[in-house]
Number of protein chains: 2
Amino acid sequence: MDTITLALDVMGGDNAPAVVLHGAELALKRQRNLSFLLFGSENEVKSLLDLHPELAKVSQFYPTTQVIDAEVKPSAAVRGYADSSMVRAIQAVADKRADAVISAGNTGAYMALAMMILKRAAGIQRPAIATLLPTLKGASVVLDLGANVECDAEMLEQFAVIGAVYASLALHKTQPTVGLLNVGSEDLKGKDTVKEAAQRLRANSHVNFFGFVEGDDIAKGTVDVVVTDGFTGNVALKTAEGTVRLVVETLRAALRGSWLARCGALLARRGLRQLKDRLDPRNHNGAILLGLDGVAVKSHGGTDAHGFANAVLVAADLVKQQLKPRIIAELARMRGSD
Amino acid sequence: MDTITLALDVMGGDNAPAVVLHGAELALKRQRNLSFLLFGSENEVKSLLDLHPELAKVSQFYPTTQVIDAEVKPSAAVRGYADSSMVRAIQAVADKRADAVISAGNTGAYMALAMMILKRAAGIQRPAIATLLPTLKGASVVLDLGANVECDAEMLEQFAVIGAVYASLALHKTQPTVGLLNVGSEDLKGKDTVKEAAQRLRANSHVNFFGFVEGDDIAKGTVDVVVTDGFTGNVALKTAEGTVRLVVETLRAALRGSWLARCGALLARRGLRQLKDRLDPRNHNGAILLGLDGVAVKSHGGTDAHGFANAVLVAADLVKQQLKPRIIAELARMRGSD
């Protein structure tokens, strides 16, 4: 098995650098063919790395002097942060020294920098952020989750194409179905942009277009790929996360309501743990910056080590499955047959 | 206690007319001071009404010859459906023969007809659809849920005002907090329209403006009123509904996974029932068409009798609490101090 080299923005995220290093070590325990390029502050990272000897053995550390924190605007991030952990980690992929980059830092800055440094893949108009969400049938790809707050019909069409390529790898489906998120499943409803995108997708023989889907179709798993603009996708993702927490908290309170319920919860604890595992956002951590000339994965900023490890494994899997060449090939195939 | 007269579109909804009549009777059992004007097809409704003698006693039946089904466009609904159950039920409120109208029918048609027949309340630019959603802290008002798929900043500002009036009645809060749904809580993120609306709200002394909120803040109950455009609001509402179903189904499967888990579920069944009651969308059924010169409540199209009864009781409560005059007074007060 070939070694996969991953560049980590060790300073990115609410609980960096501790969670990043701990997460990388957890990932390494689950998958042995990983090596890491670590970018971060010498003061903070060096001493912490001593606590993770297994990780240290397969890592190279590169000291950086700047950190892009959550308040930095994307437009500011692309200037004046040349020696930040985020910029240098992305640069390692552009220089072919790493196969993929992972950051839990400022999403807007990460996207802007990744576009600037890695560039867009050939044929891509605008990259998008995609992730897998759990559904009644397994999981579905949802995009865009926030890279583009305003999208025109052509962008939505392209999200459908790159989302389908990602779904074919991540869900192992040969002809993944694609739905456009709308406020009604009838043809006549919704925004003009979305209706125009639907027309384009109906005419696009490279996409297995299902039609419009609604918000509840995400969790139902009606389609393999749900396409929407970055504003709506971000709200939908966070609404789903908030709702899971609401239900789980309400369940917890209900199961503590009486000694009988507490006994019941004790007996059912294995089942309840399965529920938690299946819906735990940490197990679905690792959004992809789809459409770049390089693999870039975004971890949730507030994640713990378990979640960060998951993002690392997602990146490794995309490298192994050759996400980037497959997207480029699919877009070329589409253009060729136009 | 004064009698409240409610006009029912008996033919509206997936399971009409049976669910509508059954729901009205359930509502009547919980609140005795109701009387009904029933609009629907003589053939279908008359015989069904014999099964609900309690309801029949406090109802007047008006035969109608047309039904506006789910496929009718709003633009078509406002012409050529003068003798439909929906039009005539709304007309009863305009004619002051009923205090409020309830329909589980075609939402777009209902909104268009209600605007045409009831007109907008004085000072209202565009009415919105609002509902209460369960949160970790109790419940919050969310609007717009789909009346306006595209919204400018001024519309969003007005939704904040009318949403706050509704929250003050429905949640019994004197200064309800209002948040604008966005993709980040930082000032610099998001759509231009949303940023402009935030500026307007910061300058509006009649609104207790909290700032931006994100999708997960809905379930957290961060604010009393969540304001968004009708496209995003509709997707968020349906995403939340779908997610609740996903968690509950996953829980159900987990609790059936072993005999131990089944025993546990049996012991904890009262707690589990509480969970279901609290999150059951039927218990939150009844969205308000806010900003009309009359009270109009929309029931979920696919609801059962229990859910329809809830929508009826929501309408009765808004009549009792004088929603309409209060909204008009608040808007007048705002204009007076500009």
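Predicted model: local features only at pLDDT ≥ 70, side-chain atom pairs only at ≥ 80, totals over all residues.
Student: What order do the strands have in the open sheet of chain B?

Tutor: The open sheet of chain B, with 11 strands and mixed pairing, reads β3-β2-β1-β4-β11-β10-β5-β6-β9-β7-β8. Its edge strands are β3 (59–63) and β8 (208–213) of chain B, each of which pairs on one side only.

Student: How many bridges join β1 and β2 of chain A, and in which sense do they pair?

Tutor: To read a pair of strands, look at the direction of each and at the residues that face one another. Strand β1 (residues 4–9) and strand β2 (residues 34–40) of chain A pair in the parallel sense over 6 bridges, and within this pair A:Leu8 stands opposite A:Leu38 in β2(A). In chain B, strands β4 (residues 100–103) and β11 (residues 295–298) also run parallel and are joined by 4 bridges, with B:Val101 standing opposite B:Ala296 in β11(B).

Student: Which residues of helix α12 of chain A are buried, and why do they line one face of the helix?

Tutor: In α12 (residues 269–279) of chain A, the buried residues are A:Gly271, A:Leu272, A:Leu275 and A:Leu279. Seen down the axis of α12(A), these residues fall within an arc of 100°, and therefore they line one face of the helix. They pack against β5 (128–135), α10 (230–255) and α11 (259–267) of chain A, and also against α10 (230–255) of chain B.

Student: How is the size of an interface often given?

Tutor: It is often given as the accessible area that is lost when the parts come together. Here chain B and chain A bury about 4,800 Å² between them, with 76% of it on carbon and sulfur atoms. In this interface 54 residues of chain B are in contact with 54 residues of chain A, and the rule finds 4 salt bridges across it. A salt bridge links A:Glu214 with B:Lys238, whose closest N and O atoms are 2.3 Å apart.

Student: Which residues does a cis peptide bond join in chain A?

Tutor: Look at omega when you read a peptide bond. One cis peptide bond, with omega about 0°, joins A:Ala16 and A:Pro17, and A:Pro17 lies in the loop between β1 and α1 (18–30) of chain A. A cis peptide bond with omega about 0° also joins A:Leu143 and A:Asp144, where A:Asp144 lies in the loop between β6 (138–143) and α7 (153–170) of chain A.

Student: Is B:Thr303 buried or exposed?

Tutor: Read the relative accessible area, and then ask what surrounds the residue. B:Thr303, found in the loop between β11 and α13 (305–320) of chain B, has a relative accessible area of 7% and is therefore buried, the cut-off being under 20%. Leaving aside residues up to four places away in sequence, B:Thr303 touches B:Asn15, B:Val19, B:Arg282, B:Asn285 and B:Phe308.

Notes: Residues numbered from 1 in each chain as written. Chains lettered and ligands numbered in written order. Heavy atoms only, no water. Pairing = 2+ DSSP bridges. Helix = DSSP H or I, 4+ residues; strand = E, 2+ residues; numbered from the N terminus. Buried < 20%, exposed > 50% of the residue type's maximum accessible area, 1.4 Å probe, protein only. Arc of directions from axis to C-beta. Contact = heavy atoms within 4.5 Å. Buried area = accessible area lost by both parts, 1.4 Å probe. Salt bridge = Lys/Arg side-chain N within 4 Å of Asp/Glu carboxyl O.
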